[in-house]
Amino acid sequence: MRLRERFIPWLLLAPALAVLAVLFGTSIVYGVAQSLGYLTFIGQRTLTFAAYERILIGPSPIATEFWSSLGFSLWVSAASTLLAAAGALGVAVVATGRREAGPTGIFLLHLNLAVPHLVWAIALSLFLAQSGLLARIAAALGWIATPADFPVLVRDRYGVGIILDYVTKEIPFLTLILLAILRSQPRTYNVIAENLGATAWQRLRYVTFPLVRPGLLAGSLLVFAFIFGAYEVPAILGVRFPRTVAALALDFFLNPDLQQRAEGMAISVIMAMVVVVVAVGGYWLNERQTR
Amino acid sequence: MNVKRANWVVPVRVAFVAGLYGLLLLPIGILFLHAFTARWFYPQLVPQEWSFDPFWRQLTLPGNQEALITSIQVAVATSLVSLCIAYPAARALGTRAFAGRNWVSLLFFIPTVVPPVAMGMGLNILFLRVGLASTFLGVVLVHLVPVLPYTIFTLTSLFARYELQYEYQAVVLGAGRWQIFWMVTLPLVLPGVVVATLFAFLVSWSQYLLTLFIGGGRVLTLPMLLFSAVSGGNPTTIAILSLMFMGPPLVVIAATARYLTAEGGQAQRSQY
């Protein structure tokens, strides 16, 4: 009987573990093998670090482009995540005040979440482009004479359009996480702090923020990983150079020269490692601060 | 009890909330403006000519309709399969304490942060080899990788708050396995299950790269058409396809709003 009890959870978990082990596990194994040059479809069965060397060690055009892409992706993901986290904290605190967020507000946030990233990026490009709605409003007000006078907000070199997209799309996501945490906490903490004479800022800094920090950090990690690996939004709102590492990897992978798949896979493996390092770092940070 | 506040606090908060609502709705409005115009050139603030024709033309185009149907089929199949696999797993994780539980959670977490580019490239070769590339089944299977972890997490947080005592009560009263499931468990977990299925649907719905890698241009979903419309560059067509792509998720969200506002706050783990 005891043995059976111990066996049951694994029986219940078996289908999920099997599916993920087969699909995710083999994708990792195949990916790493290909990045090491094990390309059976062109009859190559040797294992080398040649692809990694070509990408990482310059000076060569490939290495130069890889490092600038990595920097660009890190910049866009980090900036978007930080701005979205700060924005969500502001929205959750200011918009709800001491009342609970109403069902209408929560419903609207979900509605925003349901709009696919691809569609949101398209809508933003129609809004922010130099001949977009915002530029037309500026022209009607007499602020600009020609579309070229309008600042380049989408398809710009610094990823401003991409960051704007992610910040506006991730604030609702993180806000929902924060509202869920705030709702599950007793409201009396803030009331007590207020009675003890804490100012609004002190209540935010010493009561609300410590309560939501673990959840906010976990949500921010998901957001960072999502943005770092995403392809669609930079494809719509970005430029060809600098482009994100995801776009670079895909470009190598789709190259008719099958030899180049090794480079594409090597970039993917490095991307996955970056995300795992950031996730572990965030987890460690959270553990250390909670103690 | 009520603390006196400066009298600017309320109007500022109202303006802030109104601005946020505007931000949430503005892009949808822009798509509608573009979708129903025949001519709208810079620097006109409003379209010079309104027309319903382009919208109707795109909506009745056989290619677009097929893509819409394929998208719905893939997302529905993925979310149902995912639900069947995730339900027992989540029940184990949420209601039982066993050795290795944290490791299993970590294992399920990893696919949610690994970039789809990396996953798609690896699976591309495997699926080509076993003949699943360019098939409907192959696309559903590859969608399971990002969808399944989210479904498991959503349901796990549901079961973590689940009260097993109700089931024991039913056992004591002589109920059988199926009776317990239909009359006790299901009514209790239904809101959470609906929300988990909804999230699964939405995550699958917005997949582009994984469908591209495995579908190989044979299994055409709406995001594929949308991407080619973007490279085509006609704003009206782009806006109409965007609305077609955005419509079903909004309908599904609206239909399940009552479960979401009750349950979604607790279960919010995914974005799409």
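In chain B, 77% of the contacts with a separation of 6 or more join residues 24 or more positions apart. Two residues are in contact if their C-beta atoms, placed from the backbone, lie within 7 Å.

A word on the model. It is predicted: local features need pLDDT of at least 70, side-chain atom pairs count only at pLDDT 80 or more, and totals for chains, interfaces and linings use all residues. Residues are numbered from 1 along each chain as its sequence is written, while chains are lettered from A and ligands numbered from 1 in the order in which they are written.

Now the make-up of chain B. It has twelve helices and two strands. These are DSSP runs, numbered from the N terminus: helices are H or I, at least four residues, and strands are E, at least two. From the N terminus, the order is α-β-β-α-α-α-α-α-α-α-α-α-α-α. The C-alpha trace spans about 70 × 70 × 35 Å along its principal axes.

Next, the partner. In chain B, 70 residues contact 75 residues of chain A. Helix 1 of chain B, residues 9-35, gives the largest share of chain B's side, eleven residues.

Who makes the contact? His110(A), Leu111(A) and Ala114(A) on helix 4 of chain A, with Pro249(B), Leu250(B) and Ile253(B) on helix 11 of chain B.
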